[in-house]
Amino acid sequence: MSQPATGQAAAERRAVVRCAVCATPNRIDLAKLSQGPRCAKCHRPILLDRPVKATEADFDQSLQGTTVPVLVDFYADWCGPCHMMAPTLDDFAMRHAGAVLVLKLDTEASPAVASRFGIRGIPTLIVFGEGRERGRHVGVADLKTLETLTGVSAG
Ligand SMILES: [Zn+2]
């Protein structure tokens, strides 16, 4: 699994996520996830064992700054299948915390991001690696589908 590292960043497992409380982007060392990372600004816990809400303002930063696969759920509050999908996504995020960063992007609140990735139906799930799209699934997905999409093995 070792990759040729061009700098220390490549060897390190890290994620950039927005604090759910104060919206400050934080860089998280995923190897130290068990120590309970906290926001550098407001010191509230940053919880990665559940999907993290992303917005237009921090989406690119998360994609570029995260060295593990990033799974993004493009959803909307009015979308019934998205609500059906939510428990599966929560379960996936809990099982693979630290190995995959799970983001949720509200396509109504961040239409520019949704349009950039050509989102036509929701839910759409896209997995990114090194900031680039590696695969997508349109429609409700089960746990196995998410694991196959992101390339993680079932725990
Ligand atoms: Zn904060």
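Me: Where does Ala31 lie?

Reply: Ala31 sits in the loop between strand 2 and strand 3; strands (E, at least two residues) and helices (H or I, at least four residues) are DSSP runs, numbered from the N terminus. Residues are numbered from 1 along each chain as its sequence is written. This is a predicted model, in which local features need pLDDT of at least 70, side-chain atom pairs count only at pLDDT 80 or more, and totals for chains, interfaces and linings use all residues.

Me: And is Ala31 buried or exposed?

Reply: Ala31 is exposed, because it has 11 other C-beta atoms within 10 Å. The cut-offs are 20 or more other C-beta atoms within 10 Å for buried, 12 or fewer for exposed, and partly exposed in between, with C-beta atoms placed from the backbone. From C-alpha to C-alpha, Ala31 is 13 Å from Thr66, and the two are 35 residues apart in sequence.

Me: OK, what about confidence: what pLDDT does the chain average?

Reply: The protein chain averages a pLDDT of 92, and 92% of the residues score at least 70; pLDDT is the predictor's confidence in each residue, from 0 to 100. Over residues 1-5, however, the pLDDT is below 50, and beyond near neighbours in sequence this stretch has 3 contacts in the model, a contact being two residues whose C-beta atoms, placed from the backbone, lie within 7 Å. Where pLDDT is low, the predicted coordinates should not be read in detail.

Me: On to the core, then. How many residues does the largest nonpolar one have?

Reply: The largest nonpolar core has 35 residues, and those with the most contacts inside it are Val70, Leu71, Val72, Leu101 and Val102. Such a core is a set of buried Ala, Val, Leu, Ile, Met, Phe, Trp, Tyr and Cys residues joined through C-beta atoms within 7 Å. Elements that each supply at least two residues of this core include strand 1 (14-18), helix 2 (56-65), strand 4 (70-75), helix 3 (80-95) and strand 5 (101-106).

Me: What is Leu101 in contact with?

Reply: Leaving aside neighbours within four places in sequence, Leu101 is in contact with Ala15, Val17, Leu48, Thr66, Val68 and Val70.

Me: Back to strand 4: how many of its residues are buried?

Reply: Strand 4 has 6 of its 6 residues buried, so it is largely enclosed by the rest of the structure. Val70, Val72 and Phe74 point one way from the strand, while Leu71, Asp73 and Tyr75 point the other way. In a regular strand the side chains alternate between the two faces of the sheet.

Me: Which strands does it pair with?

Reply: Strand 4 pairs with strand 5 in the parallel sense over 6 bridges, where pairing requires that DSSP finds at least two bridges between the strands. Leu71 has Val102 in strand 5 as its bridge partner. The chain crosses from strand 4 through helix 3 to strand 5, and this β-α-β crossover is right-handed, in that the path from the first strand over the helix to the second runs clockwise with the strands pointing away from the viewer. Strand 4 also pairs with strand 6 in the antiparallel sense over 5 bridges, and there Leu71 stands opposite Val127.

Me: How many bridges join strand 6 to strand 7?

Reply: These two strands run antiparallel and are joined by 6 bridges; Phe128, for example, has Glu133 in strand 7 as its bridge partner. The hairpin has 2 residues between the strands, and Glu130 takes a positive phi near 50° in it. Glu130 counts as exposed, because it has 12 C-beta neighbours inside 10 Å.

Me: What about the backbone of His43 and Pro123?

Reply: His43, in the loop between strand 2 (25-29) and strand 3 (52-54), has a positive phi of about 65° although it is not a glycine. A cis peptide bond joins Ile122 and Pro123, with omega about 0°, and Pro123 is in the loop between helix 4 (111-116) and strand 6. Most residues other than glycine have a negative phi, and most peptide bonds are trans.

Me: Last one: which residues of helix 5 are buried?

Reply: In helix 5, Leu146, Leu149 and Thr150 are buried. They cover an arc of only 85° around the axis, so they are on the same side of helix 5, the arc being that of the directions from the helix axis to the C-beta atoms. What covers the buried residues of helix 5 includes strand 4, helix 3, strand 6 and strand 7 (132-138). Gly151, with a positive phi near 80°, follows helix 5.
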